[in-house]
Amino acid sequence: MSARWLFRFDWGEHPITAGRLVYLLKTKFRDGLRVAYYRDEVRPRILSRPPSDAPLDRSCEIHVLTSADDWLNLIWALRTFQKNAGRNYALCIHDDGTLSDAALRALRTSFPHARIITRAEADARMAETLASFPRCQNLRATNTLSLKVLDFPAFLAAGRMMLLDSDILFFAAPTALLAALGDPHFTKNTLNKDWRDGYTIDLAATRPLLDFDCPPLINSGLGLIHKNSLRLEWIEEFLALPGVLSHPHQIEQTLIALCSARFGFEMLPAEYDVHLGPRHPRAPSRHYAGPMRPLMYGEGVHELVKKGFLA
C-alpha cells in the first residue's frame with residue numbers, strides 16, 4: 001500500500017486539528033486505508049477473470065439493476081455467486097441509464113451470454129406495457145429503483161427469477177437459495193430478511209386495507225421471485241396505499257414485499273439476513289447494504305482475495 005492512499009482518503013469536513021489528526025490515524029486510517037486499497041486497487045482486478053464456461057441454465061434467470069456507480073460491484077456479486085453456486089443461470093442486466101460505453105463493454109466481456117437492457121430499449125417497451133397503469137407509469141418516470149418491480153418481470157424470459165443486488169458477495173455455496181431456485185414444486189417467493197424496517201407503509205395502519213398479512217423486514221436484495229407474483233394490477237393497487245410513496249429508496253422493496261406476501265412467501269434462512277455485526281464464517285453470503293458498504297471491500301473483497309478468488 002503506497003502513500004498515495006493518504007491523499008485519496010476522505011478526511012471529512014472538520015478542520016484537521018492535532019487531536020483530530022491523532023483520531024484519524026488511529027481509526028479512519030487503520031480501517032479506511034484497507035477499504036480504499038481493496039475498493040480502488042484490488043476490486044478492478046476482477047475484470048481480468050475469464051467468463052464462466054459452465055453450461056447455461058435457463059430454468060431460472062438472474063435479473064439485476066446496475067448503474068455507473070455500482071457495475072463493478074455487480075461483477076463481484078455475480079462472479080462470486082457463479083463460483084460458489086456452481087451454476088451459470090441465464091442473466092439479464094438492466095441499465096439504469098447511467099452506464100458508460102466502457103462499463104457496458106466490461107459487462108459484455110465478463111458475461112457474454114447476458115442480455116443487457118439499455119434504458120432507451122426499456123423505456124420504449126415499458127411505455128406500451130404500462131399504458132393502462134397510470135400509477136405505475138408515474139412511479140417509473142420518477143423512481144429508478146422501480147425498474148426492479150416493473151421492468152424485471154416484463155423482460156423475464158423464465159417462470160422464475162433470482163433477484164440479486166450489486167452489494168452482495170458469496171463466500172460458500174448458498175444451498176438453501178439454490179434448493180428453492182431449482183425446485184419446480186417450490187411455489188412461494190423467498191427473500192432475505194432486512195436489518196431494520198425498510199417499508200414506506202405502516203403495516204399496522206395498512207392492514208385493514210389489505211386482504212392478506214405482510215411480514216415485516218422483507219429485503220428485496222436476494223431471493224427467488226415467481227414471474228406471476230409481480231402483477232401490474234397488484235402494483236397499481238398498492239400504489240394507492242397511504243404513505244407508499246413516502247421514501248424514494250424503499251418504494252420498490254415495499255411493493256415487492258406486498259406482492260410476495262399476497263402471492264405466498266417465506267423468509268430465506270437466517271444465514272442470509274442483513275445485519276450489522278461481523279460476518280459469520282459459515283454464512284454463504286453477506287448483503288453489504290447501507291452503512292455496511294465499506295465492509296464489502298475491507299471485509300468481503302479482502303477475505304475473498306486471501307482465499308485465492310482472484311488467483
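## The largest pocket

By class, ten charged, 15 polar and six nonpolar residues line the largest pocket of this predicted model. Here a pocket is an open set of points on a 1 Å grid where a 1.4 Å probe fits, with protein on both sides within 12 Å along at least five of seven lines, and lining residues have an atom within 4 Å of a point. The lining counts 31 residues, and L145, D165, D167, H249 and E252 lie nearest the pocket centre. Two or more lining residues come from each of β1 (56-66), β7 (218-226) and α11 (251-263). Strand β7 gives the largest share, three residues. The volume is about 860 Å³.

Helices (H or I, at least four residues) and strands (E, at least two) are DSSP runs.

## Glu61 in β1

Let's turn to E61, which lies in strand β1. E61 counts as buried because its relative accessibility is 4%, where buried means under 20% and exposed over 50% (1.4 Å probe, protein chains only). A polar contact (N or O atoms within 3.5 Å) of 2.7 Å joins the side chains of E61 and H63. The E61 side chain also reaches the backbone nitrogen of A157 at 2.9 Å.

## The two sides of α5

In helix α5 (residues 119-129), the buried residues are R119, A122 and M126. They sit on the same side of α5 because they cover an arc of only 60° around the axis. The face turned away from that buried side carries exposed A120, A124 and E128.

## About the model

Residues are numbered from 1 along each chain as its sequence is written. Local features need pLDDT of at least 70 and side-chain atom pairs pLDDT 80 or more, while totals for chains, interfaces and linings use all residues, and side-chain values use heavy atoms, leaving out hydrogens and water.

Conventions: Grid points are joined across faces, edges and corners, and a volume is the space filled by probe spheres set on the points. Ala, Val, Leu, Ile, Met, Phe, Trp, Tyr, Cys and Pro count as nonpolar, Asp, Glu, Lys and Arg as charged, and the others, Gly among them, as polar. The arc is that of the directions from the helix axis to the C-beta atoms. A polar contact is a pair of N or O atoms within 3.5 Å; within protein, one must be able to donate a hydrogen and the other to accept it, and residues adjacent in sequence count only if both atoms are side-chain atoms.
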